[in-house]
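Look at the fold shown here before reading on.

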Amino acid sequence: MLIAVALLFLVVCSLGFLFFSKQIVIWYNRSVADIATQEEALATEYKELKKRKAALNSELMGIEQKIFLLENELAEPDETAVVAPRSRKSPAKAAAQWLLSSGKITMEQYQKATKLTGRVAQDFVETCIVLDFLDEETIAMARRIMRTGEVPKLQSKGAN
């Protein structure tokens, strides 16, 4: 009789163990499924936020360039520009502003070259050359501005 009770006890314990083990496995599988669902949702949200960030960065660059142009009282670039002296600014700053305002470099390139000037090359124009931002014609014009201090005068759109 004692053996029967012991066997019955073992059977009940085994069934209890199996029941709780199954419940743990079910809970684990549900948790993994929930985590996978959350991961997919977060991945989708991340992609959307990344696209939004890129759009906002692009918009910011445009706004910064407009602010830069307004702060320096520069108009939109025009191919019929004439040369005028810019005595208020250093030749290096004048060349940097001309490169940006004439569209020869982007605001992003301007910011990168500004940060690296002094480490990559001695001045802004040389830094742009090292970073391969400028073509030969633009290099010649930028060096001329650095040498003479004269920059092309930009005309407003529609002014001819």
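Contact here means heavy atoms within 4.5 Å. Leaving aside neighbours within four places in sequence, Leu134 is in contact with Leu99, Ile105, Val125, Cys128, Ile129 and Ile139.

Some ground rules come next. The model is predicted, so local features need pLDDT of at least 70, side-chain atom pairs count only at pLDDT 80 or more, and totals for chains, interfaces and linings use all residues. Residues are numbered from 1 along each chain as its sequence is written, and side-chain values use heavy atoms, with hydrogens and water left out.

Start with the whole chain. The protein chain has five helices and two strands. Both are DSSP runs numbered from the N terminus: helices are H or I with at least four residues, strands are E with at least two. Along the sequence the pattern reads α-β-α-α-α-α-β. Of the 160 residues, 21% count as buried. Buried means under 20% relative accessible area, exposed means over 50%, and partly exposed lies in between (1.4 Å probe, protein chains only). The chain exposes about 12,000 Å², and carbon and sulfur atoms supply 61% of this area. Such areas come from the Shrake-Rupley method with a 1.4 Å probe; for residues, only the protein chains shown count as cover. Among contacts between residues at least 6 apart in sequence, 64% join residues at least 24 apart.

Now the interior. A nonpolar core is a set of buried Ala, Val, Leu, Ile, Met, Phe, Trp, Tyr and Cys residues joined through side-chain atoms within 4.5 Å. The largest one has 20 residues, and those with the most contacts inside it are Leu99, Ile105, Tyr110, Phe124 and Leu134. Helices H2 (91-101), H3, H4 and H5 each give two or more residues to this core. The largest share, six residues, comes from H2.

Eight of its eleven residues are buried, so H2 is largely enclosed by the rest of the structure. Among the buried ones are Trp98, Leu99 and Leu100. After H2 comes Gly103, whose phi is positive, near 80°. Thr138, in helix H5 (residues 136-148), reaches this region. Leaving aside its neighbours within four places in sequence, Thr138 is in contact with Trp98, Leu99 and Lys104. Thr138 is buried, at 4% relative accessible area.

Next, the rings. The structure holds two aromatic pairs. In Phe19 and Phe20 the ring centres are 5.4 Å apart and the planes at 70°, so this pair is edge-to-face. Rings of Phe, Tyr and Trp (its six-membered ring) pair if their centres lie within 6.5 Å; planes under 30 degrees apart count as stacked, over 60 as edge-to-face and the rest as tilted. Phe19 is partly exposed at 47%, and Phe20 is exposed at 54%. Tyr110 and Phe124 form a tilted pair, 5.4 Å centre to centre with 50° between the planes. This pair joins helix H3 (residues 107-116) to helix H4 (residues 124-130), its partners 14 residues apart. Both Tyr110 and Phe124 are buried.

Last, charge. The structure holds one salt bridge, meaning a side-chain nitrogen of Lys or Arg within 4 Å of a carboxyl oxygen of Asp or Glu. Arg143 pairs with Glu126, the closest N and O atoms being 3.2 Å apart. The bridge links helix H5 to helix H4 across 17 residues. Arg143 is partly exposed at 39% relative accessibility, and Glu126 is partly exposed at 25%.
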